[in-house]
Amino acid sequence: MTLLLRRRSEVGLIVWVAALAITGSVAVAAADAAAFDRRQIFIPVAFIALMLALHLFLAWRGVRGDQLLFPLAAGLSALGLILVQRLQPADQPLLLQQLTWMIVAAGAFAATILIPRDLTALARFKWTWAILGLVLLISPLLPVIGREINGARIWIGVSRFNFEPWEAVKILLVVFFAAYLEEFREVITHSRRIGPFPIPPVPYLLPILAMWAMAMVVVIFEKDLGAALLFLGIFLAMLYLATGEAFYTLIGLALLAVGGFAVYQLIGHVHVRIDTWLQPFSEELRFGAGYQIVQGLFALGNAGLFGAGLGNGMPDRIPIVWSDFVFNAFAEETGFAGALILLALYLLFFYRGMLIAVRAPTPFLQLLAGGLSFIVAFQTLVIVGGNARLIPLTGVTLPFVAYGGSSLVTNWMLVALLMRVSDVTARVRGTE
Amino acid sequence: MEITFAVLLWAVRIAFLVILYLFLIRAFGVLHRSMAAERAATRAAGTLVVERSPARAPRVGERLTLRPTNAIGRDAGNDISFPDEAASARHATLELRDDEWWIEDLGSTNGTLVNGVRIEKRERVRFGDEIAIGRVAMRLER
């Protein structure tokens, strides 16, 4: 009984997640009575059982601190399952796969809560993380395990399961940067200045610059724009968090502009992406490369204030909607009202993550929590911006919601790490 | 039959949106409560304001934030430490018990003084009291 009361706020929110999962699933199933499959009812039930098991696991381990991130991640994952159920094509059993991945993600979450006994010990193995990250990045280019899907060679696979290694690399990169920036914080933050401009302490920045550059080269080789943008974002954000120098970020953005222009000129793949962003409705593009974004925009345009109702819209007109355009699908069927809530949930997640970062007792933990929270917020901005044609579309997934195993597993590990930081803080401060 | 099904379907769709809103509102509630609890925890803890101090650290006027349990002494391993030869390595502890601050001398050479009076064993400290350890004097404040 005390086990149930230990994390009371959390269980209070999990109840709402359960209600959400069931009503959503019922709404989707009832809308298309012809395709109704009775077994689909087991999906939300299995999901709720999984979330309750994780909650009890956290209570049993006596994890202290934050009780908000876990229900938020669970709520977003529930929306993900509802949307995959809604959007799965008749010939692909995506929903069952997503549930399987959810179980794997829950396992990874529990393992991350259990395994690093001492979170600060992560900082001691920073070079191991850097090397592991690079190996993972190169792995899709290797024979046997490397696989090419939809024109991008960014996958490794064993039998039917495919994994995008860069998803895991983003966490390794944050751990490495946090550990490195903590160790050399003194020399990196107290830089000399010319007038108001700081001179970057280049020799000390070299290892992280090299690490970042290698990641970029590999990612560009694999033609993965989203990952490249994400890595640059992580690098600049963590440098800013560690030094407080906005000037470095400005240099980084200038480099992005120059590099972006060069890449636009040199790589055809990128050229097409930019063209479909600028003029998707042009004669040559709207039934070709621009078809996906055009359909996505129609879905957004039809949304209105309250949308078509879950299961009542036509988001299945968008190609590969379940992984690339879930935001548009959700917006079309729940309207402005629903889309706003989805974004608010991410905002709450980010705010909570940053609060954990601010309160954390050591610079390493602060940078770790800050970087991890940043990943979720930045990925959301990049993909939703791309879906709404505010920025070019890149292959980044909407965290927790979009279909995809690698992203789900790593994002749940990210939540576990944030909760561990919060737990350490609560223990040091002697609060609940 | 057809009509009732359609009405039910819309009821479920609307319920989904309503639950989504309620979930967000409850989540904000949890955030608000946890922040309030943390604020209360830090407020109850209190601070020590340095009043007198020998040449080196701590500076006069410095505010030392207290934890629920604080070890004070010359040794760097203490929660509050200062390099004053008149203080013992492990000098005293300052503890919060049921919203009351208690100080205990750990058998130091020069003793611990509360408002100028040397304490024998555990002693209650109130806000505004002055604690002297070695040549450092600090006032307990909220």
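**Ground rules**

I am working with a predicted model, where local features need pLDDT of at least 70, side-chain atom pairs count only at pLDDT 80 or more, and totals for chains, interfaces and linings use all residues. Residues are numbered from 1 along each chain as its sequence is written, chains are lettered from A and ligands numbered from 1 in the order in which they are written, and side-chain values use heavy atoms, with hydrogens and water left out.

**Entry: the cavity**

Rolling a probe the size of a water molecule over the atoms shows where empty space is left. On a 1 Å grid over the protein atoms alone, a cavity is a set of points where a 1.4 Å probe fits but cannot get out, while a pocket is an open set with protein on both sides within 12 Å along at least five of seven lines; lining residues have an atom within 4 Å of a point. Grid points are joined across faces, edges and corners, and a volume is the space filled by probe spheres set on the points.

I found 1 cavity of 30 Å³ or more, and the largest cavity holds about 60 Å³ of space. Which helix gives the most to its lining? I noted α4(A), with 4 residues. Helices here are DSSP runs (H or I, at least four residues), numbered from the N terminus. At least two lining residues come from each of α2 (8-31), α3 (42-61) and α4 (69-87) of chain A. Among the lining residues I listed Ala21(A), Ser25(A), Phe47(A), Ala78(A) and Gln85(A). By class, I have 8 nonpolar, 2 polar and no charged residues. For the classes, Ala, Val, Leu, Ile, Met, Phe, Trp, Tyr, Cys and Pro count as nonpolar, Asp, Glu, Lys and Arg as charged, and the others, Gly among them, as polar.

**Entry: α2(A) and α4(A)**

Next I looked at two helices from that lining. They pack at an angle of about 5 degrees, with their axes 9 Å apart. That makes α2(A) roughly parallel to α4(A). Axes are lines fitted to C-alpha atoms, for helices over the stretch in contact, and angles run from 0 to 180 degrees between N-to-C directions. Under 35 degrees counts as roughly parallel, over 145 as roughly antiparallel, 65 to 115 as roughly perpendicular and the rest as oblique. Ala21(A) and Ser25(A) are among the α2(A) residues in contact (heavy atoms within 4.5 Å), and Ala78(A), Ile82(A) and Gln85(A) are among those of α4(A).

**Entry: the second largest pocket**

I then turned to open space. The second largest pocket has a volume of about 1,000 Å³. Its lining has 39 residues, and Met216(A), Leu229(A), Leu232(A), Leu256(A) and Gly260(A) lie nearest its centre. I counted 31 nonpolar, 5 polar and 3 charged residues in that lining. α12(A) gives the most, with 10 residues.

**Entry: α11(A) and α12(A)**

Both helices supply at least two residues of that pocket's lining. Are they roughly parallel or antiparallel to each other? The angle between α11(A) and α12(A) is about 165 degrees, with axes 8 Å apart, and they are therefore roughly antiparallel. Leu229(A) and Leu232(A) of α11(A) and Leu256(A) of α12(A) are among the contact residues. The contact has 9 nonpolar, 3 polar and no charged residues.
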